[in-house]
Amino acid sequence: MSTVDKQGVPDRNWSYPTAIKFGVGRIAELAEHAKSTGMKKPLLVTDKALAALPITAQALDVLEAAGLGRAVFSEVDPNPNDKNMAEGIAVYKAGGHDGVILFGGGSALDLGKMIALMAHQRADLSVWDLEDIDDWFTRADSDKIAPMVAVPTTAGTGSEVGRAGVLTNLATHKKKIIFHPKLLPAVTICDPALTVGMPKFITAGTGMDALAHCLEAYSSPFYHPMSQGIALEGLRLVKENLVTVYNDPGNLLARGHMMSAAAMGAVAFQKGLGAIHSLSHPVGAVYGTHHGTTNAVVMPMVLDFNRPVIEDRINAASAYLGLKGFDGFRAWIMELREQLAIPANLTAMGVEAARLDELTEMALEDPSCGGNPIAMTRENTRALYQACM
């Protein structure tokens, strides 16, 4: 054991993201970046709604013109699951593909990562063996993970700069975070023009997801000053641009700022997430609700729950954001929810009081709860769910 006097300095492991190609029209570079990873026959993974839209055809045209084909897999549910993954892997193998283009929102990006991760692993390795626990990721053969290029078409999850994906187990209705360092895409193309066609409720929900990531990372008790600063600036970008893109979808400058905020939130949350996400994940898994929207619904109640230990920190953020203390920050969240037509509570989203005990157990198993500023127990988590009803 070391005898060095550390004088209270913590030991932490930090990681920062990948090559990001940011700018309007940069989807034209897709084939170039795919080839840079060694891809010759990529599979573009997207969701059902996006598959039929012009932006997807545009991406496929770029790939096809460069001799990379135009293969697509789009059987991706809003909360992607192991059945989607198995079907995607079957298409990937049948087509003889050698890489994945992750194209779309968080669902498509996460599902594409799972296909790239699991397509060529040994038969006895389950994706659930790679949950984000300790060093479980070392169970995978990293050399068999396919290369990935990410193209987000929403501004929320930040999966395009992350080393994990969220997958729902259909047998247990539980969402699991699957982690491997090589799930970080080799290149990410952030083209704000691709986000212009988002439906308003998706613009709202994904934007609130970015806000939740920044807020929870900023509030996390763990030591990570780089993420702390990134989270704070991400909060500012959301504050100044989310309502703008909701009301003026074609505003490319504001769309670009929201794409940056989404990536910043995902970079920042390696500092930790908390009760917003640990409450939201079970609700999404059981009821199929939109993840970012669910985060927005529980956000004020979690702020109240954590207030005794985060008030000074939120006061500092408020000063930077031009708000008046904790109460001003909370009032801004409530105003934002109203402007974006976010449901008032979980009851309005269809959550049943009879299932709160079940949801509580799932929330306590969620890895996000370990990063909450106040320790989550069965009693206070159940009470927090009740407050969200």
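In the predicted model, glutamate 64 and arginine 70 form a salt bridge in which the closest N and O atoms lie 2.8 Å apart. Glutamate 64 counts as partly exposed, its relative accessibility being 43%, and arginine 70 falls into that class at 33%. Through salt bridges that share partners, Asp61, Glu64 and Arg70 are joined into one network. The structure holds 16 salt bridges.

A further salt bridge connects glutamate 87 with lysine 83, with a separation of 2.7 Å between the closest N and O atoms. Because these residues are four positions apart in helix α4 (residues 82-94), about one helical turn separates glutamate 87 from lysine 83. Relative accessibility is 28% for glutamate 87, which is therefore partly exposed; lysine 83, at 48%, is also partly exposed.

A salt bridge is likewise formed by the side chains of glutamate 365 and lysine 174, at an N to O distance of 2.9 Å. This pair links distant parts of the chain, since glutamate 365 belongs to helix α12 and lysine 174 to strand β7 (residues 174-179), 191 residues apart. Glutamate 365 is partly exposed, with a relative accessible area of 45%, as is lysine 174 at 25% relative accessibility.

Helix α12 (residues 356-365) packs against helix α13 (residues 378-387) at an angle of about 120 degrees, the two axes being 9 Å apart. The arrangement of α12 relative to α13 is therefore oblique, and the crossing is right-handed. Contributors to the contact include Leu356, Leu359, Ala363 and Leu364 of α12, together with Arg378, Arg382 and Tyr385 of α13. By class, the contact comprises five nonpolar, three polar and four charged residues.

Methods: Residues are numbered from 1 along each chain as its sequence is written. This is a predicted model: local features need pLDDT of at least 70, side-chain atom pairs count only at pLDDT 80 or more; totals for chains, interfaces and linings use all residues. Side-chain values use heavy atoms; hydrogens and water are left out. Axes are lines fitted to C-alpha atoms, for helices over the stretch in contact, and angles run from 0 to 180 degrees between N-to-C directions. Helices (H or I, at least four residues) and strands (E, at least two) are DSSP runs, numbered from the N terminus. Angles under 35 degrees count as roughly parallel, over 145 as roughly antiparallel, 65 to 115 as roughly perpendicular and the rest as oblique. A crossing is left-handed if the near helix is turned anticlockwise from the far one by less than a right angle, and right-handed if clockwise. Contact means heavy atoms within 4.5 Å. Ala, Val, Leu, Ile, Met, Phe, Trp, Tyr, Cys and Pro count as nonpolar, Asp, Glu, Lys and Arg as charged, and the others, Gly among them, as polar. A salt bridge is a side-chain nitrogen of Lys or Arg within 4 Å of a carboxyl oxygen of Asp or Glu. Buried means under 20% relative accessible area, exposed over 50%, partly exposed in between (1.4 Å probe, protein chains only).
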